[in-house]
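Open the structure in your viewer and keep the selection tool ready. This tour tells you what to pick next and what you will find there.

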Amino acid sequence: MDADVSGTVLKRERTRDAVLELIESRSPGDAIPSERALCSLLGVSRPTVRAAVDELVAAGLLVREHGRGMFVAPAKITQELVAGDRSLTVPQAAGAWSSRLLEFTTLQAGARVGRKLRMSPAAEIVYVARLRLVDGAPMAIEHLHIRAELVPGLSAQELESGDLYEHLRATHGVHVHEAVQAIEPTVVTRAEAKLLDVPELSPALLFERLTSDTSGRPVEYVHSLYRGDRYRIVSRLALGPAAEVAPDREGHHPGIPPGDFAHGDAITSSTRGDIQAGA
């Protein structure tokens, strides 16, 4: 694990989550505390707060107004591509996928992640930040939050090689079944650009996903940043029944790692579509 990156990623992530908690507790147009006040409130440095705020401004969640401060941005418009009970397959991207661990620790869930995973803020989660590579080139940064009681003994080696969902199934008896996922455009920050080897403010795709097991219990909350110059989103609308086709079990799902999904289980999402690697 890169010593320069370790710790910094987690601190930036926790600061981002704290500011997101403030945003989600307010209405569009409401002010949030200044960067100086946030430093005092969160006990972190000004550069850490600024990096988190810059990311949220770029993501369209905050608005800066010169001389006035920072405000919650107007609510976004959500377009559902497919509604109802239909499920779609997710084609897998080509190339040899691998991971480089940036952060691996156990900590309290906190209010925001705890709410998403339907658990106490004081309950423990395994937090993982990893860089995803294809054929050795950096492609995505993934932030995983997994219920700790479901993965006792989860090791760094499991997260750096192989299929995470296969490890959850085979080693921990966790069968993921359904993912509710949102996808939106954003740009990379300076720190993210360095990890992804792209210019600062390059376009990217932000994936936010909540994964549940076969009993409907939330297992994992993930948000991932994929290089915008390498991915595109294609929606295939199911207009009628089709012949069954055996799933291709090789490769990688951009945004959704292979696992139970790759074995034919239905995938549902607030924005359902097929995601495939671009040139």
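**Before you start**

This is a predicted model: local features need pLDDT of at least 70, side-chain atom pairs count only at pLDDT 80 or more, and totals for chains, interfaces and linings use all residues. Residues are numbered from 1 along each chain as its sequence is written, and side-chain values use heavy atoms, with hydrogens and water left out.

**Stop 1: the whole protein**

Show the cartoon. Helices (H or I, at least four residues) and strands (E, at least two) are DSSP runs, numbered from the N terminus.

Now switch to the surface. The accessible surface comes to about 13600 Å², and 53% of that belongs to carbon and sulfur atoms. Such areas come from the Shrake-Rupley method with a 1.4 Å probe; for residues, only the protein chains shown count as cover.

How many of the 279 residues are buried? The share is 47%. Buried means under 20% relative accessible area, exposed over 50%, and partly exposed in between (1.4 Å probe, protein chains only).

Contacts come next; a contact means heavy atoms within 4.5 Å. Take the contacts between residues at least 6 apart in sequence: 67% of them join residues at least 24 apart.

**Stop 2: the largest cavity**

Rolling a probe the size of a water molecule over the atoms shows where empty space is left. A search of the whole structure finds two cavities of 30 Å³ or more. On a 1 Å grid over the protein atoms alone, a cavity is a set of points where a 1.4 Å probe fits but cannot get out; lining residues have an atom within 4 Å of a point. Grid points are joined across faces, edges and corners, and a volume is the space filled by probe spheres set on the points.

The largest cavity holds about 230 Å³ of space. Select Arg16, Glu55, His143, Glu192 and His223: of the 18 lining residues, these lie nearest the centre. Then colour the elements that give two or more residues to this lining: helix 1 (8-24), helix 3 (46-58), strand 6 (137-147), strand 7 (176-187), helix 7 (190-196) and strand 9 (218-227). Helix 1 gives the most, with four residues.

By class, the lining has nine nonpolar, four polar and five charged residues. Here Ala, Val, Leu, Ile, Met, Phe, Trp, Tyr, Cys and Pro count as nonpolar, Asp, Glu, Lys and Arg as charged, and the others, Gly among them, as polar.

**Stop 3: a ring pair**

The search of the whole structure finds one aromatic pair. Select Phe207 and Tyr226. Their ring centres are 5.0 Å apart and their planes stand at 65°, so the pair is edge-to-face. Rings of Phe, Tyr and Trp (its six-membered ring) pair if their centres lie within 6.5 Å; planes under 30 degrees apart count as stacked, over 60 as edge-to-face and the rest as tilted. Phe207 lies in strand 8 (residues 203-213) and Tyr226 in strand 9, so the pair ties together parts that are 19 residues apart in sequence. Both Phe207 and Tyr226 are buried.

**Stop 4**

Select helix 4 (110-117). Its buried residues are Gly110, Arg112, Val113, Gly114 and Leu117. Their cover includes helix 1, strand 4 (97-108), strand 5, strand 6, strand 8 and strand 9.

Step just past the helix to Arg118, which takes a positive phi of about 55°. Most residues other than glycine have a negative phi. Is Arg118 buried or exposed? Arg118 is exposed, at 59% relative accessible area.

Met119 sits in the loop between helix 4 and strand 5. Met119 is buried, at 12%. Among its contacts beyond four places in sequence are Ala109, Ile125 and Arg147.

**Stop 5**

Leu201 lies in the loop between helix 7 and strand 8. Its phi is also positive, near 70°. Leu201 counts as exposed, at 56%.

Move to Gly153, in the loop between strand 6 and helix 5 (156-160). Gly153 is exposed, at 68%. Leaving out residues up to four places away, Gly153 touches Glu158 and His172.

**Stop 6: Val222**

Finish in strand 9, with Val222. Val222 is buried, at 2% relative accessible area. Its contacts beyond four places in sequence include His143 and Phe207.

Technical notes:
On a 1 Å grid over the protein atoms alone, a cavity is a set of points where a 1.4 Å probe fits but cannot get out, and a pocket is an open set with protein on both sides within 12 Å along at least five of seven lines; lining residues have an atom within 4 Å of a point.
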